[in-house]
Every structure is written in structure tokens, then in C-alpha cells.
Amino acid sequence: KVAIKGIERELICPACKELFTHPLILPCQHNVCHKCVKEILFAFEDSFADGGSESSNQSSPRIRISASSMDRIDRINRSGIKRNSLTPRSTLFPCPGCQRDIDLGERGINGLFRNFTLETIVERYRQAARAAIAIMCDFCKPPPQESTKSCMDCSASYCNECFKIHHPWGTVKAQHEYVGPTTNFRPKILMCPEHEMERVNMYCEICRRPVCHLCKLGGGHANHRVTTMSTAYKTLKEKLSKDIEYLISKESQVKAHITQLDLLLKETECNSERAKQEASQSFEKLYHVLEEKKSAALRAIETSKNIRLEKLQTQVEEYQGLLENNGLVGYAQEVLKETDPSCFVQTAKQLHVRIQKATESLKSFRPAAETTFEDFVVDTAKQEDILGDLSFHSSGLEIPEINEEQSRMYNKALICWECPGKTDAADVYVLEYHKLNREEEGVTWQKTEVCGKSKVLSDLDDDSSYAFRVRGYKGSICSPWSREVILRTPPAPVFSFLFDDKCGYNNEHLQLNPRRTSVESRAGFPLLLGSERLQVGCYTTLDYIIGDTGIAKGKHFWAFHVEAYSYLVKVGVVPSNKIQKLFHNTHDVTSPRYEQDSGHDSGSEDAFFDSSQPCTLVTLGMKKFFIPATPAAPKDPASRILPLPSCLGICLDCDRGRVGFYDAGRMKCLYECEVDCSGVMYPAFALMGGAAVHLEEGVTAKYREYHEDI
């Protein structure tokens, strides 16, 4: 038998860290006190209502909501999810045992079973711990007497006299079941929490909980595999007994492991002390270097000061000599008193040179030394950054790498990274970024901590290049910085729109997805029937589609993908006053397959480019980007053909009357031209043959968070 006092660790509630009181079994099979469950639910609902604020997390001194649960609250609040009266209500509960959010269902706390077995074990532990403390009678007049028995039907304790009074012979109460003094009163029959009048008589193997026959017939366990309670009791008891017997048979192995762990504890203590000493020595070396540098700097300043003071003092004495009856002037005045010409000339020549120098210095006064010490300012900015990054480096922590293919710069910046190796991943990452500016000398990195491997940034400037780097932290250990990656933001704010399924949309040739973010040209029977009667040449029409939102002013940018298999696609802008002309222009393009003078298989329509076209478009197709044949374009047709980027962008500047076509992956302009913006401008697309265009979706924090959860 196991001593009851040796299992205290299993009897502690993970929320309040005290012995269980009326423990409830959660769906994740962890146990929590009934009172703790209510307090956590109240705190969780308050935090949800307050948007997950930190102040709302202090509603109960006994429990604290975990950081992961607070993150979950923030995600739910940001998602804007609201329930109406028709939506089934579910209760989320952050389990303090496994740190997961558990769905308690519509009944919430009322749908949880009370763990009477655990409650009985806790009561036995309490009695063993307080053997000298008696349980008093609940019905005695003060002072109460020590109880001698407890009635399981009345859920109360009695002394002998009170028991006789409340359980007289010949009455129903005389048949009540009584036991020794206890405070643990459990029901004789376990009732179903969902159907309070039904006793549990089956065990659900899927949910791993007792159920009643109503739960199986029409409740939440209708399609679950169940077994009888006696079978479940026998099976689980056999499994538990075998497992306990196995552990007991391995007692020597367990003791050996305990001995090994004790040695590891001592070794950890010794190694930590050694690491402290090494860290102290490293910092002492830094202190020593700093002290030497400090002393050298102070000595240099002191030496320079003495030299300057000496020069200035000498200059002061020289100028004092220029005063009357003092110094040089006084000496010259005495020389003037000499009457002997020979003696005067002998002395006056040298004196006159000195007087001239003094006169010249007086006219152009300049201090003999500088008073500022600007040359002695110590620049410690780089050293401060280095010391700020000073931490424990470990070869076991992989250097993260920023994934440029998954990272996106659109309406917001999505920066993704990964660790190439299979070593332990970091607990937290630090992402730093700064704007590349040639005018600024110093670089100021902006820093943000991230728990996952991606971060959405929304405070970046348009038409700017940014440098990004990331490092991982695991406790106090950090990895080196990743390679810096430079990404560029769009040239203008992102313009959001969908394909218009009303204005001019041809559903026989074009197919929209339900969200109206993708359009596909179906080169099927309508195209064949349209060209079946033609023998020479093949004149077909482009199928146009426009955006459902127009632009009247300002500068805007949007991006899209063109499928690689697309034969012919035109993209650009169209003014509102030319939309009707666009959809009624019957012969827009001559098929290059049958045109004898065609310069290449696709895009020969550029030869017919003129300003009379109803809209400004460029041609894409067969994995190529064709620069229109304008007077400013290169004359060589081959130089006007570029590889088709994976993502294209269009920047419309209504104020300047310019439209640019970009490689949206690198934010590089491929072609720019003038455009008439006198009316409201709409994004325009034209497809022929097999082709598809997909609008670029905006970056949202909600998408990334739920994607990571999945």
C-alpha cells in the first residue's frame, strides 16, 4: 500500500495550488476545484468583455489567466466574432493544467462531473494530516461535542445523543447509511449532469466520460461508441492494475533514475556556479578594458588641457606687456629715454621688430588655443548597441532565416522566417527593422517580440525600402542575427476592389469565383463557334471585366497574379466615360496565329497601338510581359519582351496623370505612361483563350493567427 502522505502532489489543484475542494473533471481529463472553475470563468469573461486588458486579469487573487489564453482572447476580439440568439453558445475555459482552451459546451460548468473518487482520497489525506483534530457535531448547542458518526443521506456529522434525536427508531431516517466521522459526503448514485433525473449507466469511449441512456439516444453522444458501466469499470480497473504492477516491478529502475537525477541536480548546481564565475570573469574583463579606456581618455584630456592653458597663459603675459609702463611697452618707453644715437640704434632695431609683431597680433587677435574639446567626445553608440545585444550565444540554437518568398509587402508587411535545422526551436523571436535612408547617418532599429515565426507590421511608409533581421531566444540564450533582407513597400496606398459581375460581365466566356477575386477565361465552344465560319484570318474579341470600385483622385496601387498558362491577358485602367465603348468594341484584336505580318506569337497587337484606344492597357501572355510599341519604347521588338513576374502591380497617380506597371515582388517599375484621368478611373482586365487572373489578397493579422492555429 502507498502511504497516503506521499501523494500530496497529485492532490493539489493546478489553479489555486491547494488541496482539491469539490474537484470537477474537465473534458481534457484534468481536475480543478469547483470554486476555481467559477473564478476562472468569471475572470475569462471579464477579460473577454474588456478586450483582454491586463487590468481585467486581476479579478481573482487565487488564479491567473495564462498568456496563451490572453492571446486567444485578443484574437477573438480582433476577429469581430459576435454571436446572435440563433448561434449555439459555447463556453471557453482556459485549463490551468494543460494551458489549452477547453470548450465546455452549452451547459458550461453544469455539464462537468464531480470527481468523487479524488474527493474521497483528498479527505483521507486530510484525516491522516490532522489525526489529532476531531470533527465536531453539526447539531450540538455550543460548545459542540466531538462527532462519532456521519450520515451519508443527511450529509451531516452527529454525536451519539444528536444522532439518536435526529434518527429515532421506527422512522425512515433510522434506515440511513452512516459511517465514521467525515467531511466528504458523496451521493450514492452518480447522476447525469445533462439529464439531472437520470443516473449514468454507460461509458462513452470517445469522450471518455460516463453518460446516461438519454445522452446515447438523442444527446451529444448519439453516434459515439459506448459500453456498459460494469464493462468499463472492469476494463479500466484491469488496465490500471496492470500499469501499477508494472511500475511497482520497476521500483529498482525508478530508484536508479532518482539517484541519477539527484546527481544531475548536484551537477547542475556546480555547473551553474562555474557558469556564474565565467560570466563574472567576462564582465570583469570588460570592466578592465573600459577602465583602461577611461583612464587613457581622461589622461589625454588632462594633457591637452595643460598644453592649452600654458599657451593661453603665455598669450596673456604677452598682451599684459603691451600695457603702459608694463612689459614690452614699459621697456620701449625706457629705451626712448636713451640719448646716445649709437646705443639707441643698437637696442631699438630688435625692439622695433617685437613692437611690430605685437601690433600685428593686436590687429588680428586669435587665441593661442581652442577652448572646446569636441575632438575628445567619445562616441559609444555602436558599443552601446553591441552591449545591448550582449547575451549567451549557443551553437545549439539555429540562426533563423527570413523567407523572402513567403514574406509579403502589400497593404501591410508580412515577414516570415524559419529555422533550417532540427535543433530546439526558440521560445521567442525578436524582429528588428529600419527604413533605409541615405540622409541619416545612424541606424535606429525598431524592435518587436514575436512568439511565432511570422509578424504583420502596419506602420511602414509607402514607396520605401526596409531592412529586416531576426534572432531567436530560448531563455537567456540567443542565436546570432539572421542575414539582413531588404524589402520594398508599394509605391502608393493599396486600393481594394473586387471584379464587377454586373457591368459588361460576359458569363458565357468568363467565370468568377464566389468571392469575385479570381476570373478565368473559358476557351470552349463559344470561341470555336465564333470562328468556325472564318477561312482566312481569325478575328475574335477580348472579354473585358472591370473592378467594382473607381478612383477619382490620389495615388493608388493594386496587385494581381496571372496564371502561367494564360494565352493573352491585357491589364490597365479605363475611365468611366469610355466603359461603354470598351464593351461594345467588337474587333479589339487580331489573332497573331493567322496574321502573316505578326512580329511574334503574342502581343503583335502593339503594332496597332494608338491613342484612340478606349483604355490604357499592356499585354501579357505566354509567360511574357510586352512593353507597348510607343515612340519612347525600344525599336527592337525583342527588347520590349520581358519575363512575366509572378505578381504584377499597377500604380495609378490621378494627380499627375500617370500609370505604372510593376513587378510587385520586387516593387520595380517595368513600364510607365501618361493617362487621361479626367473621369473616374476603374481597373480593367481583358482575357482571350485560356487565361486566369487572381487579385492579390490583403495581409491581415487575423488570417495569419488562425492559419497558425490550424
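Which residue stands opposite Ile 486 in strand 21? Ala 467 does. The strands that pair here, strand 19 (residues 465–474) and strand 21, run antiparallel and are joined by 4 bridges; two strands count as paired if DSSP finds at least two bridges between them. Helices (H or I, at least four residues) and strands (E, at least two) are DSSP runs, numbered from the N terminus.

A word on the model: it is predicted, so local features need pLDDT of at least 70 and side-chain atom pairs count only at pLDDT 80 or more, while totals for chains, interfaces and linings use all residues. Residues are numbered from 1 along each chain as its sequence is written, and side-chain values use heavy atoms, with hydrogens and water left out.

Back to strand 21 (residues 485–488). Its covered face holds Val 485 and Leu 487, and its uncovered face holds Ile 486 and Arg 488. In a regular strand, side chains alternate between the two faces of the sheet.

Strand 26 (residues 555–562) is another story. 6 of its 8 residues are buried, so the rest of the structure largely encloses it. Buried means under 20% relative accessible area, exposed over 50%, and partly exposed in between (1.4 Å probe, protein chains only).

| Partner of strand 26 | Bridges | Example pair |
|---|---|---|
| Strand 32 (residues 648–653) | 6 bridges | Ala 559 opposite Gly 649 |
| Strand 36 (residues 691–695) | 3 bridges | Val 562 with Val 693 |

Now for a loop. Arg 640 sits between strand 30 (624–626) and strand 31 (641–643). Arg 640 counts as buried because its relative accessible area is 10%. Its side chain reaches the backbone oxygen of Ile 627 at 2.5 Å.

What about the cysteines? A search of the whole structure turns up 0 disulfides, a disulfide being a pair of cysteine sulfur atoms within 2.5 Å. For Cys 212, the closest cysteine sulfur is in Cys 215, 3.6 Å away, so it is too far for a bond. Cys 212 is buried, at 0% relative accessible area, whereas Cys 343 is partly exposed at 33%.

Last, helix 8 (residues 327–336): Leu 328, Gly 330, Ala 332 and Val 335 are buried. The buried residues of helix 8 pack against helix 9 (341–363), where contact means heavy atoms within 4.5 Å.

Note on methods
Polar contact = N/O pair within 3.5 Å; in protein donor to acceptor, adjacent residues only side chain to side chain.
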